[in-house]
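This briefing is meant for a reader who is meeting the structure for the first time.

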Amino acid sequence: MNHRPRKRFGQNFLHDPGVIGRIVASIAARPGDRLVEIGPGLGALTRELLPLVGAMDVVELDRDLIPKLQAACTGGELRVHSADALKFDFCTLAEDAPLRVVGNLPYNISTPLLFHLLEQSRCIRDMHFMLQKEVVDRLAAQPGTSDYGRLGIMVQYHCRVERLFTVPPGAFYPPPKVYSAIVRLVPHEHPPVEVQSVQTLSQVVAQAFSQRRKTLRNTLKPLVAGSEIEALGIDPGRRPETLTLAEFALLTNAVHAKLK
C-alpha cells in the first residue's frame, strides 16, 4: 500500500480479490454503459471495471490519489473529476445514456450522499454501493422492524432496494470496526405510491420519526391533528415504524392539501 489512508476522508481501501470479483459480477458492466465511480481510491474496482466499459468517469476528493489512480488504471479512457461527490452534479455526465453509479462510499458521508443522489435519480439507471452493513439494513428495512425509518422510506420511494451480500472488515485496509454490505438501488420508472410533493413526504417522515417511540398523534401534531389522521383510516395511536409507504403517502397528501 503506497498511500496512507486518511481518516478525514473516511478511507478504507478494498483489497480482497474475491470480494472485488463478486462486486464486479454484480454490476455486470457492458460496453457503452455510462459508468461513474464515486471515491475510486487506488482503483481496486476501477481497474476491473474500466476494461469492461472502455471509458468511465470517477469522482475523487483526495487529489493526492489521482496520479496513482491514473497510473494504475490503463485499460481504457478514465475521466477523473477532482471534486466533492456531495456537491457534484452527476446529471452533467449523463449525455447519451442514464448513469450506472458505483462506489465504496465513506461511512461518514454515506447518508447525505445517498440523499444527494436521490435528487438526481432521474438520470440514473442503477447504483451499486458498498456501505456500512447497518446502513444497508436500514435501506432494506420493512415496517415493524427496528431498522425501519426515514432513510429506508425515502430511498424505497425512489428506488427498488436489493441487498446483495455482506463484506467482512478484513477485506479492507485498514480494516473498519464494522461489517459492510453491497446494495443495489434501481430508481423506479414510476414511484410505487402517489404523493403530491416529495418535499412534503420528506417533511412528514422526518417529523414522524423525530421521536420514534411516540405515537403519530404526538409526533405529527405540528402538521396534522389526530382526528385528521383517523379520518384517513390510520390509527393515530400507532408508532411511525409500523406505517407502510402507502400510509405515509396518505398522510403526506393530507398535509400537503393543508399547506396549499
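A crossing of two helices is called right-handed if the near helix is turned clockwise from the far one by less than a right angle, and left-handed if it is turned anticlockwise. In this predicted model, the crossing of α7 and α10 is right-handed.

**Helix α7 with helix α10**

- Helix α10 covers residues 245-259, and its axis comes within 9 Å of the axis of α7, the two crossing at roughly 110 degrees.
- Angles of 65 to 115 degrees count as roughly perpendicular, and α7 is therefore roughly perpendicular to α10.
- On the α7 side the contact is made by Thr200, Leu201, Gln203, Val204, Val205 and Ala208, while α10 contributes Phe248, Leu251, Thr252, Val255, His256 and Leu259.
- Sorted by type, the residues of this contact between α7 and α10 comprise eight nonpolar, four polar and no charged ones.

**Helix α6 with helix α7**

- Helix α6 (residues 150-158) packs against helix α7 (residues 198-208) at an angle of about 155 degrees, and their axes are 10 Å apart.
- Because angles over 145 degrees count as roughly antiparallel, α6 and α7 are described as roughly antiparallel to each other.
- The crossing in which α6 passes α7 is right-handed.
- From α6, the residues Arg150, Ile153, Met154, Tyr157 and His158 meet Val198, Leu201, Ser202, Val205 and Ala206 of α7.
- In the contact of α6 with α7 there are seven nonpolar residues, two polar residues and one charged residue.

**Helix α4 with helix α6**

- The axes of α4 and α6 cross at roughly 25 degrees and come within 11 Å.
- Since angles under 35 degrees count as roughly parallel, α4 is roughly parallel to α6.
- Here the crossing, in which α4 passes α6, is left-handed.
- Thr111, Leu114, Phe115 and Leu118 of α4 make the contact together with Arg150, Leu151, Met154, Val155 and His158 of α6.
- The residues of the contact of α4 with α6 are divided into six nonpolar, two polar and one charged.

**Nonpolar cores and buried positions**

- In soluble globular proteins, nonpolar side chains tend to be buried together.
- In this model the largest nonpolar core has 55 residues, and those with the most contacts inside it are Ile38, Phe90, Phe129, Leu131, Leu220 and Phe248.
- Leu220, when neighbours within four places in sequence are left aside, is in contact with Val204, Gln207, Ala208, Ile229 and Leu251.
- In helix α5 (residues 133-140), the residues Val135, Val136, Asp137 and Leu139 are buried, and what covers the buried residues of α5 includes α4, β6, α6, β7 and β9.

- Ile153 lies in helix α6, and with a relative accessible area of 2% Ile153 is buried.
- Not counting residues up to four places away in sequence, Ile153 touches Tyr148, Val205, Phe209, Leu245 and Phe248.
- Cys123 is placed in the loop between α4 (110-118) and β6 (124-132), and at 10% relative accessibility Cys123 counts as buried, because buried means under 20%.
- With residues up to four places away in sequence again not counted, Cys123 touches Cys91, Ala94, Pro98 and Leu99.
- Between Cys123 and Pro191, which are 68 residues apart in sequence, the distance in space is 15 Å from C-alpha to C-alpha.

**Backbone features**

- Most residues other than glycine have a negative phi, and most peptide bonds are trans.
- Tyr173 and Pro174 are joined by a cis peptide bond, with omega about -10 degrees, and Pro174 is found in the loop between β8 (172-173) and β9.
- Ala28, a residue other than glycine, has a positive phi near 50 degrees.
- The place of Ala28 is the loop between α1 (17-27) and β2 (34-38), where Ala28 is partly exposed, with a relative accessible area of 32%.

How values were computed. Residues numbered from 1 in each chain as written. Predicted model: local features only at pLDDT ≥ 70, side-chain atom pairs only at ≥ 80, totals over all residues. Heavy atoms only, no water. Helix = DSSP H or I, 4+ residues; strand = E, 2+ residues; numbered from the N terminus. Buried < 20%, exposed > 50% of the residue type's maximum accessible area, 1.4 Å probe, protein only. Contact = heavy atoms within 4.5 Å. Core = buried A, V, L, I, M, F, W, Y, C linked by side-chain atoms within 4.5 Å. Axes fitted to C-alpha atoms, helices over the stretch in contact; angles between N-to-C directions. Nonpolar A, V, L, I, M, F, W, Y, C, P; charged D, E, K, R; others polar.
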